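User: Hey, I'm new to this one. Can you walk me through it?
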Amino acid sequence: MGIFRRACAIAAVSCAAVFSLSACGSDINPVAVPESGAAAAPTAAPSSSKTTTATSPSSPSSSSSDADLDIDVEIGDCVNLGGTVDDAVIDNATCGSRESNYKVVGKVGSSDECVSDVDQTYYETLGGVETGALCLDIDWVVGTCMELDGKNPVRVDCNDPAAEGEKVTEILQNSDDVEDCTISEGGFVYNERRFVVCTDSL
């Protein structure tokens, strides 16, 4: 009986993008499925007087000793999740690097234990039963740009005139309103954990 790896992006926080990866292999099969409760698409926001900022998203993390995963990561680590619907691939990555597209915000026994507003989940199964899961957010970093193309987020050079995507200008804690963004035209709201990633479109 082989291990079955799945990465499931359940709800995407991108501009109406929905990430959906799944993979099937002989021993290990990664699958990615976007979350349905993740942040809203970026919307215009008028300037306001609030200036609360942070350098990284708030991630009340959950950790379970029941999580038995093939990839060796901890909460706060980053990964590169890619592949296709039939062949999802996950690997360790340095946070904020060109390779990193997701940050681990939870490590749990099964994907349904992740908070509802994560961007993606990655899980592995054995004999059809989940053995562990990673709850993942896009690796938002202030001052960097992410292309949200509907498959997987990709970090791009903000100064490249051909680049498309969103530039992160600030991350607001204790907010669930994109109108709190003071230096951006819009952003992404994470309602359950109450933070907003403020962005400008490239």
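Predicted model: local features only at pLDDT ≥ 70, side-chain atom pairs only at ≥ 80, totals over all residues.

User: What's pLDDT, and what is its mean here?
Analyst: pLDDT is the predictor's confidence in each residue, from 0 to 100. Its mean over the protein chain is 75, and 64% of the residues reach 70 or more. Over residues 1-7 it is below 50, and that stretch has 48 contacts in the model beyond near neighbours in sequence; a contact means heavy atoms within 4.5 Å. Residues 36-59 also have pLDDT under 50, with 80 contacts beyond four places in sequence.

User: OK, new topic. How much of the protein chain is buried?
Analyst: Of its 202 residues, 51% count as buried. Buried means under 20% relative accessible area, exposed is over 50%, and partly exposed is in between (1.4 Å probe, protein chains only).

User: And what's the accessible surface?
Analyst: About 8800 Å², with 46% of that belonging to carbon and sulfur atoms. The areas come from the Shrake-Rupley method with a 1.4 Å probe, and for residues only the protein chains shown count as cover.

User: What share of the contacts is between residues 24 or more positions apart?
Analyst: Counting contacts with a separation of 6 or more, 64% of them are between residues 24 or more positions apart.

User: How many disulfides are there?
Analyst: The count comes to four, taking a disulfide as a pair of cysteine sulfur atoms within 2.5 Å. A disulfide is a covalent bond between the sulfur atoms of two cysteines. Counting bonded cysteines along the chain, the pattern is 1-2, 3-4, 5-6, 7-8.

User: Which cysteine does cysteine 78 pair with?
Analyst: Cysteine 95, with the sulfur atoms 2.0 Å apart. Cysteine 78 sits in strand β4 (residues 78-84) and cysteine 95 in the loop between β5 (87-93) and β6 (102-108), so the link ties together parts that are 17 residues apart in sequence.

User: Is either end buried or exposed, and how does each count?
Analyst: Cysteine 78 is buried at 1% relative accessibility, whereas cysteine 95 is partly exposed at 32%.

User: Why is that disulfide right-handed?
Analyst: The torsion about the S-S bond of cysteine 78 and cysteine 95 is about 100 degrees, so the disulfide is right-handed.

User: What about cysteine 145, where's its partner?
Analyst: Cysteine 145 is joined to cysteine 158, S to S 2.0 Å. The partner, cysteine 158, is in the loop between β10 (153-156) and β11 (166-173), and cysteine 145 is in strand β9 (residues 145-148), so parts 13 residues apart in sequence are tied together. Cysteine 145 is buried at 0% relative accessibility, while cysteine 158 counts as partly exposed at 22%.

User: Which way does the link of cysteine 181 and cysteine 198 go, left-handed or right-handed?
Analyst: That link is left-handed, with -85 degrees about the S-S bond. The sulfur atoms of cysteine 181 and cysteine 198 are 2.1 Å apart. Cysteine 181 is buried, with a relative accessible area of 0%, and cysteine 198 counts as buried at 0% too.

Terms used: Residues numbered from 1 in each chain as written. Heavy atoms only, no water. Helix = DSSP H or I, 4+ residues; strand = E, 2+ residues; numbered from the N terminus.
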